[in-house]
Amino acid sequence: MAQKQVQEYCHGWCRRYCSVHLGLAMSSAQPSRMKDAERGGSPTTLHAHRAIDGGTGITVLIHAYAVARDMEEALSCVRRMKDEGIEMSLVTHSILVDGFAKMGNIEAAEQWFKEAKERHSTLNAIIYGSIIYANCQTCNMDRAEELVREMEEEGIDAPIDIYHIMMDGYTSIGNEDKCLIVFDRLKECGFIPSVVSYGCLMNLYIKIGKVSKAFEVSEIMKLAGIKHNMKTYSMLINGFINLKDWANAFAVFEDVIRDGLKPDVVLYNNIIRAFCGMGNMDRAVRIVEEMKKERHRPTSRTFMPIIHAFAKAGEIRKALDVFDMMRRSGCIPTVQTFNALILGLVEKRQMEKAVEVLDEMLLAGIKPNERTYTTIMDGYASLGDTGKAFEYFSRIKDEGLELDIYTYEALLKACCKSGRMQSALAVTKEMSAKNIPRNTYVYNILIDGWARRGDVWEAADLMQQMRQEGVQPDIHTYTSFVNACCKAGDMQKATNTILEMKRVGVKPNVKTYTTLIHGWARASLPEKALKCFEEMKKSGLKPDKAVYHCLMTSLLSRATVAEDYIIAGIHRVCEEMVESGLTVDMGTAVHWSRCLRKIERTGGDITEALQKTFPPDWNSHRNLNAASNDTGNNGGLDTGDYDDGPFFETDSDIDDDSAL
């Protein structure tokens, strides 16, 4: 809030306070004071002090500065009160606690709360609500609970707002059970849940990824006769967008219109995100125009998803057009806007253009932040360009920017992708020196790096370190470790890892099973691969193209022994692929065709079944290849090019995904 706004606020507040609470008439007995106040030419402090004498006037001013988030000026007023020997009231202390709470300064809030307890014999729910809010904002729920118990012991009844504050606090730490306990307690104390109460529950479920539960709460709220407001509708839309459930996101938006509510900027921004997520950027741009017609001013958050989506789609010209639209709308591009453009380019691996945008950013006088450089580092890391990743890492250091966990993750990814594991170890040592703890993602990157080398011992050591540090392995951790075991040929350890996953409640996914099937294929044990495939389906997972490729290549490699279970397996897998509408690429078709020649030189049942999965233009390709062979030219398709089969060339893809 600007100084002029503070002044206007104080002046208006003082007049209302005088007329309503003090019953002071603006009489001719105070002409000079009122003229000064009406002119507005004196300093703010003088206005407030002249309007109301003593501590009340200064308290008004403290309140104004607290609202303006200017706590330094608020404290200067406190010092003035003390200098003049004016006793601070409970209201003054409450204002200070609330002001520091909203600034996120928990230490100062606690300090003034402590002083309030020492100076006043009794406190009220207002000051308790402020200090509880401060602790909930910093996720210090133990202290918040202690304060609630203290209120109860003092016989102070908590208003419904404190229940909402506690629910939000538990939401921030993802504690569903305690949030529900507070909701039930709210009802036990005679409060009727409001739209805010239900909104707190919806917010909880959306943040922990249980959008269906949030929708259930929404329905319960409707049955209770409570209508949604813009905030609760925005929560639901945001939840469905996070799940990429565009249909339900738009359905909720239609409910907003049907209820006669006017979408606000937040809701419009969420709908724009939905259109961008489903790839309909043109519709997203039209929503911006609709916002303007409804007299809503677009913000940088409005344009960021559109810019990012166009950049990710490789439509740089359109992304830059949106930049121009943004400027014309009176919204100056920020570092976050440029970051959205850079992120889109990085995701398309267009690193040269991403660096060009960085240069444009500097020319525009906008200083890159940690996120800017980390995004570029991440792009070079995905390409395995360790040199460039370290170059931008050095820039962060040189420019005095903060080195956070995300920066180190990008650097580690670059080292591990390029196989420079000793460099990765040096990076982890630097993290330890800076007291940056290794999280699950960091461990996943490191385990994946050793998995690429097939070094199961180093990977196992990292798994042990995770447990010792209390970092929980996730599905990606286990999948990377299974990959390390498979590459080392230790299929027993790989199988035991799958059993351990199930034992600790981590369900293997398609990528995990694909990795294990791949391992059995490498070990030339197609019967084990086939058994693993059946186990995957029994667990309720649907095989994807990579699984079929891997399994079929494994079966064909052993089909020359003509064992019944292998032949039956080939037929069964072919039928499933056809039923699923899966068609292999030309390279795979060529490789499988060469395998078939060793089994059925003149064609047969297997050839007929397998060719149903080949590309539509397979016959023309085969005829062209045959003509080339007649002239002694095999068209460059040497059998040696396909020794491991096309699928096995995608090891790196499995490794990358397991580290994400």
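## A helix with a charged patch

Let's start with E356, which sits in helix α21, a stretch that runs over residues 351–363. This is a predicted model, so every value below is computed from predicted atoms.

Together with E352, D359 and E360, E356 gathers in a patch of negative charge on the surface.

## Rings that meet

Now for the aromatic side chains. How many aromatic pairs turn up in a search of the whole structure? The search finds 11 aromatic pairs. One of them is F215 with F240, arranged edge-to-face, with the ring centres 6.0 Å apart and 65 degrees between the planes. Why call that edge-to-face? The label applies because planes over 60 degrees apart count that way. F215 belongs to helix α13 (residues 211–223) and F240 to helix α14 (residues 230–242), so this pair ties together parts that lie 25 residues apart in sequence.

Another edge-to-face pair joins F390 and F393, with 6.4 Å from centre to centre and 80 degrees between the planes. Here both partners lie in helix α23 (residues 386–398), three residues apart, and that spacing is about one turn of the helix. F390 is partly exposed, with a relative accessible area of 28%, while F393 is buried, with 4%. Rings can also form groups: ring pairs link Y373, Y380 and Y392 into a cluster.

On to the salt bridges. Across the whole structure, a search finds 29 salt bridges. Take E84 and R80 as an example: they form a salt bridge in which the closest N and O atoms are 3.1 Å apart. Both ends are partly exposed, with E84 at a relative accessible area of 44% and R80 at 23%.

E150 and K117 make another one, their side chains meeting at 3.1 Å, N to O. Which helices does this pair tie together? E150 is in helix α9 (residues 141–153) and K117 in helix α7 (residues 106–119), so the bridge ties together parts 33 residues apart in sequence. E150 counts as buried at 13% relative accessibility, but K117 counts as partly exposed at 39%.

The side chain of E145 meets that of K178 in a salt bridge, at 2.9 Å from N to O. This pair links distant parts of the chain, since E145 is in helix α9 and K178 is in helix α11 (residues 176–188), 33 residues apart. E145 counts as buried, at 16% relative accessibility, and K178 counts as partly exposed, at 33%.

Which residues are linked in a network of salt bridges? They are E534, K537, R572 and E576.

Last, a look at the backbone. K244 has a positive phi of about 60 degrees, although it is not a glycine. Where is K244 found? K244 is in the loop between α14 and α15 (246–258). With a relative accessible area of 62%, K244 is exposed.

S524 is another case: its phi is near 55 degrees, again a positive value in a residue other than glycine. S524 has its place in the loop between α30 (510–522) and α31 (526–538). At 42% relative accessibility, S524 counts as partly exposed.

Definitions and conventions. Residues numbered from 1 in each chain as written. Predicted model: local features only at pLDDT ≥ 70, side-chain atom pairs only at ≥ 80, totals over all residues. Heavy atoms only, no water. Phe/Tyr/Trp six-rings, centres within 6.5 Å; stacked < 30°, edge-to-face > 60°. Helix = DSSP H or I, 4+ residues; strand = E, 2+ residues; numbered from the N terminus. Buried < 20%, exposed > 50% of the residue type's maximum accessible area, 1.4 Å probe, protein only. Patch = residues over 30% accessible without salt bridge, like charges linked within 9 Å, V, L, I, M, F, W, Y side chains within 5 Å. Areas by Shrake-Rupley, 256 points an atom, 1.4 Å probe, with all protein chains shown as cover. Salt bridge = Lys/Arg side-chain N within 4 Å of Asp/Glu carboxyl O. Lys, Arg positive; Asp, Glu negative; His and termini not counted. Charge placed at Lys NZ, Arg CZ, Asp CG, Glu CD.
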